[in-house]
Amino acid sequence: MLSGELDMSSATCLELELKTVEARRPPVLVLDLSQLRFMGVSGLRAILDAARRARREGRQLVVTNPVPHILRLFELTAIDQSVELVRAPLTLVAGG
């Protein structure tokens, strides 16, 4: 879950965290944006890069619960076409 602001100063931290999690090879990586108030270009790039790595490695990256203005940013930049967006909470079931 991301919260606060995702900008130039915090995007590097996100990238490092994503790469740490990706090293464990999860089949699905979920980013919950419900608590994110702002996202800059650096944050968009970090998420898009993670989505590219996931596709290349046969995994799935899912972005959930973007607040309306961040969802609009995804739409305006066409990132919603290359990143799986779920606009409702996900319920993960073991083995499902």
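Colleague: Where in this predicted model is E22 placed?

Modeller: E22 belongs to helix 1, the helix that covers residues 8-22.

Colleague: Why is E22 called buried?

Modeller: The relative accessible area of E22 is 6%, and a residue counts as buried when that value is under 20%, so E22 is called buried.

Colleague: What makes the pair E22 and R53 a polar contact?

Modeller: The side chains of E22 and R53 are joined at 2.8 Å, and the cut-off for such a pair of N or O atoms is within 3.5 Å, so the term polar contact applies here.

Colleague: Which residues is E22 in contact with, leaving aside its neighbours within four places in sequence?

Modeller: With those neighbours left aside, E22 is in contact with L29, A50, R53 and R59.

Colleague: What is the order of the strands in the open sheet?

Modeller: The open sheet has 3 strands in the order 2-4-5, and their pairing is parallel. Strand 2 (28-32) and strand 5 (84-86) are the edge strands, since each of them pairs on one side only, and the twist from one strand to the next averages 25 degrees.

Colleague: How do you know that strand 2 and strand 4 pair?

Modeller: Strand 2 and strand 4 (residues 60-64) are linked in the parallel sense over 5 bridges, and at least two bridges are required for two strands to pair, so the two are counted as paired. Within strand 4, V62 is the bridge partner of V30.

Colleague: Which helix lies across strand 2 and strand 4?

Modeller: Helix 2 (residues 41-56) lies across both, and runs at about 145 degrees to strand 4.

How values were computed: Residues are numbered from 1 along each chain as its sequence is written. This is a predicted model: local features need pLDDT of at least 70, side-chain atom pairs count only at pLDDT 80 or more; totals for chains, interfaces and linings use all residues. Side-chain values use heavy atoms; hydrogens and water are left out. Helices (H or I, at least four residues) and strands (E, at least two) are DSSP runs, numbered from the N terminus. Buried means under 20% relative accessible area, exposed over 50%, partly exposed in between (1.4 Å probe, protein chains only). A polar contact is a pair of N or O atoms within 3.5 Å; within protein, one must be able to donate a hydrogen and the other to accept it, and residues adjacent in sequence count only if both atoms are side-chain atoms. Contact means heavy atoms within 4.5 Å. Axes are lines fitted to C-alpha atoms, for helices over the stretch in contact, and angles run from 0 to 180 degrees between N-to-C directions.
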